[in-house]
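Hi,

Here is the structure I promised to pass on. Have a look first, and my notes follow below.

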Amino acid sequence: MSLERIKIAPEMYEIMPPEYQDLVERATFGNEHRGWKDIGTSKELIEEHSLCAGCPESMAFRYILASLPAPEDTVMVGSTGCTSLVFPHVGVHNIHSLFGNQNAIASGLKRALTVRFPGRTKDVVVLAGDGATVDIGLDMTLQAWFRQEKFTTICFDNELYANTGGQESGLMQKGFVAKMAPVGKTFEKVRLPEIARESGCHYVVNCTVSKPNLVEKVIKNAIYIAREIGPTYLQLYTPCILEIGKNSMEGLQEMRDSEKPTERFAYREYISDQAKELLTEMAAKEKERKAEAKRQLAAAKA
Ligand SMILES: Cc1ncc(C[n+]2csc(CCOP(=O)(O)OP(=O)(O)O)c2C)c(N)n1
Ligand code: SF4
Ligand SMILES: [Mg+2]
């Protein structure tokens, strides 16, 4: 969906659906400084969703879509689960993969896009649940990291299989009882962020989605680092409010409670040395860009 391709030919304008006209006129395609603050003022890349009302996954989706550095040149890869219900409503190219296969599909896709569009940046972003990422898809997840595939993997960690009614997942916390896991988890949550680091990821973050500015920062970092260096991994806590019996405001509180320093979603970040260098370079360029903009503004006023 390059910027040129989404434009409507003047002869066709009137017959295009208003939602599409809106997308072309008011979305943030082509704006490299887009971010979560555009939510509510620009056409969002998510029209609606079919998740439970107030599900934190829906909020996380909005922040992520608003934070993609180049949505017109991004392909997202989803997997079966609650998240897959949202992709049909999203204004970004996306592929639905067989449950668990998402990182294998993304590997092939990224390589194919690199060959098909030489000299042009195409971002690939996987977005899948914990069951898809860690349990059934673990082999594909790890192998993509071992091969140093240049794309970002995002796991919506709701600590169970939500879409199929609440089965136990490797990321479920110890002692948790779910509708379809009545005995309670008998061992600790698998430490996937640590495994990601040991498996070659260059940027790994474990956090909740309670703060949009933080989500924006980690999404952008993860995508920029994946473009230039290698695999990146984000594990975002999106509690299943249906399973834990909470409403949307209580879901937000659940995230805040879980991000306290001693809790399992306390902010944790790993950045490889190579990735640190890249982020430092980018920060210096951004500083220079802002200084130049200020200089130009001052000159225009003078
Ligand atoms: C190959 C395959 N195996 C199993 C399933 C059944 N299935 C559908 S969704 C799901 C669980 C999804 O859990 P998760 O990845 O954590 O996503 P969530 O629904 O929690 O967001 C399972 C086991 C399937 N659709 N396809
Ligand atoms: S079942 Fe849970 S994770 Fe799925 S949409 Fe509902 S609240 Fe969200
Ligand atoms: Mg899940």
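How far does a polar side-chain atom of Glu57 lie from an oxygen atom of ligand 1? The distance is 3.2 Å.

Before the rest, some ground rules. This is a predicted model, where local features need pLDDT of at least 70 and side-chain atom pairs count only at pLDDT 80 or more, while totals for chains, interfaces and linings use all residues. Residues are numbered from 1 along each chain as its sequence is written, chains are lettered from A and ligands numbered from 1 in the order in which they are written, and side-chain values use heavy atoms, with hydrogens and water left out.

Back to ligand 1. Gly131 has a backbone N or O atom 2.8 Å from an oxygen atom of the ligand, and a polar backbone atom of Ala132 is 2.9 Å from an oxygen atom of ligand 1. On its own, ligand 1 has 590 Å² of accessible area, of which the protein covers 77% (Shrake-Rupley method, 1.4 Å probe). Around it are 15 residues, the closest being Cys82, Asp130, Gly131, Ala132 and Ala162 (a residue counts if one of its heavy atoms lies within 4 Å). By class, that shell has six nonpolar, seven polar and two charged residues. Helix α5 supplies its largest share, three residues (helices are DSSP runs of H or I with at least four residues, strands runs of E with at least two, numbered from the N terminus).

Next, the magnesium ion, ligand 3. Its protein donors are Asp130 (OD), Asn158 (OD1) and Leu160 (O), at 2.0 to 2.2 Å (donors are N, O and S atoms within 2.8 Å of the metal, or 3.2 Å for Na, K and Ca; water is not among the atoms, so sites may look incomplete). Along the chain, these donors follow the spacing D-x27-N-x1-L. Asp130 sits in α5 (residues 130-136) and Asn158 in the loop between β4 (152-157) and α7 (192-198), so the pair ties together parts that are 28 residues apart in sequence. Asp130 is buried at a relative accessible area of 1%, and Asn158 is buried at 8% (buried means under 20%, exposed over 50%, partly exposed in between, with a 1.4 Å probe and protein chains only).

Asn158 turns up again around ligand 2, along with Leu51, Cys52, Cys55, Cys82, Ala162, Cys240, Ile241 and Leu242. That shell has eight nonpolar residues, one polar and no charged.

Then there is the largest nonpolar core, with 44 residues (buried Ala, Val, Leu, Ile, Met, Phe, Trp, Tyr and Cys residues joined through side-chain atoms within 4.5 Å). Phe61, Ile64, Leu65, Met76, Ile154 and Leu234 touch the most other members. The biggest contribution, six residues, comes from α8.

Lys122, in the loop between α4 (102-116) and β3, is buried at 9%. Its side chain makes a polar contact of 2.7 Å with that of Asp73 (N or O atoms within 3.5 Å; within protein, one must be able to donate a hydrogen and the other to accept it, and residues adjacent in sequence count only if both atoms are side-chain atoms).

Most residues other than glycine have a negative phi. Gln148, however, has a positive phi near 60° and is partly exposed at 31%. Glu159 also has a positive phi, about 65°, but is buried at 4%.

Cheers

Key. Ala, Val, Leu, Ile, Met, Phe, Trp, Tyr, Cys and Pro count as nonpolar, Asp, Glu, Lys and Arg as charged, and the others, Gly among them, as polar.
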